[in-house]
Amino acid sequence: MSLTTTPTGPGRPGSEVPPAQLTALDAARGSGVGSVPGREGARRRRSGHDVAITATGALALAGVVATVWLGLWVTPPDRFMGNLVRLLYIHPSIAWVMYICYGVAFLASLLYLWPRTRSLRFDKLAGASSEVGVVFTGLTLVTGSIWGRPTWGVWWTWDPLLTTTALLFVLYLGYLAVRRIPGEPEVCARRSAIAALVAFVDVPICYFSVLWWRSLHQAPTVADPITGKTYIHGSMAWTLLLSFVTFTLVYAWLVARRYRLFVLAEREGDEGLVLAIEERRAESLQGRS
Amino acid sequence: MWRDALLVAGKDLRIEARSKVGLGQVVPFALVVVLLFGLALGPAAGRGSVLSLAAPGLYWVAVLLATVLAVQRSFAIEALDGASDGLKLSGLDPAGIFVGKAAAVCGQLLALEVVLAGAVALLYDRHLAGGLLLVASCLAATVGLVSVGTIYGVVSSGSRQRETLLPLLFFPMVAPILLAATKAWDAALAGTPGRGTGWLDVLAVFAVAYLAMGTVAFGPLLEDA
């Protein structure tokens, strides 16, 4: 039952697996694990990446702590909005990250579809970025709602920006569902990349039609949350700026971690097959001996 | 490409003429939806009632729901007896297959929209005015709907959860169509078609964008399905 059995030769007498199948399995093992020097090199490279990811994570954490401290304790309450203004230190930056997420996912999908730059790395990047994007879209909607209730008196309003964000949320939930359709990696990647482009084209059409839909009734009474900027200066402006930098770092860290998880899941799939084959082989040998 | 499109559309329409799934199930379903809206928002009818005011929106929601069923049916017939392999090996132009399948669904939906418009006029007590704008917006909206539906129909046909996946993908995508078509109908029924022509442009832009996208993307998607 041990996983570290000595490899058996193809077609060894007494084995239950027919020879032809064994050679195929051996080929699968060869492609899955790769030669030993190659793995060592990859490990060394990875450790360099790990340091960069950990550093980004540490910086992001420090930034979050500093943003919380500045936002909740150092900065004064706003003359008009009072303590509500503190929500504006995170809401615009979360929304900003959301745009980065979908922008990166779109570019990565485009690069995957372009024959010269086709690589599964771009597919993983698109997947990681859009997953983080959906989380940040949810956060944008929630923080916006919490801010909207005391400010506008309602949790929700059919403002073009809000409506488009809500549609973006469900659009990309659908995209993530497409990513989970099983299949060959290349097939899945191509399907997902096309779905990402199809969804992305819809975003401006949504935005402008909702904008127009609203403007036929009344001019949006809702100010863009970012226009709060005109009232702020000094420590408030610095806190807002810091939060933009911080959340961008949080984004980079999350995407790097998610990307890593895609790579590991892929390797688990490859090596899991080899391990299962070896285990099965050991069982059949034990049964015979 | 156009010859291939005609062949595929003819095949799909012939299957529909023989099986009558659209006539026997999709059209009754849409009528059920119209009745359900009546139950939810009634029983007051006549001018100024909620049903009468909301008639354009309810009409288009019913059309959207029916579109999902029609698209699902359009890809269900390819799933049987290895028909999709036959389609891939037929050597037909993928763009032609896309246009053909979309055109077949489009034809069925336009017929359904005529029936549904009658039902809405009758049950929600709304006089169908502004005929030209109504027809034009129906045409543009339906082309947009079936283009998106056919793209996502083939995307989701590779999935085992295609029945639940297609609506999730389809409805958010066609939100602009629902908006624009409702507004165009609103303007036409209110007797002010001038306000609706802009919305007709939105529908046309959407239809052209996704028709073009489908003709390009359908080939690779069909191969993978």
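Is A:Phe136 buried or exposed, and what is its relative accessible area? A:Phe136 is buried, with a relative accessible area of 3%; buried means under 20% relative accessible area, exposed over 50% and partly exposed in between, with a 1.4 Å probe and protein chains only.

## Basis of the model

This is a predicted model, in which local features need pLDDT of at least 70 and side-chain atom pairs count only at pLDDT 80 or more, while totals for chains, interfaces and linings use all residues. Residues are numbered from 1 along each chain as its sequence is written, chains are lettered from A and ligands numbered from 1 in the order in which they are written, and side-chain values use heavy atoms, without hydrogens and water.

## Chain A

Chain A holds seven helices and zero strands (DSSP runs numbered from the N terminus: helices H or I of at least four residues, strands E of at least two). Of its 289 residues, 39% are buried.

## Aromatic pairs

Over all chains there are 14 aromatic pairs (ring centres of Phe, Tyr or the six-membered ring of Trp within 6.5 Å; planes under 30 degrees apart are stacked, over 60 edge-to-face, the rest tilted). A:Phe136 and A:Phe247 form an edge-to-face pair, 6.5 Å centre to centre with 85° between the planes. The pair links helix H4 (residues 120-152) of chain A to helix H7 (residues 235-288) of chain A, its members being 111 residues apart. A:Phe247 is also buried, at 14%.

In chain B, B:Phe98 and B:Phe218 form a tilted pair, at 5.4 Å and 50°. B:Phe98 lies in helix H5 of chain B and B:Phe218 in helix H9 (residues 197-224) of chain B, so the pair ties together parts 120 residues apart in sequence. Both B:Phe98 and B:Phe218 are buried.
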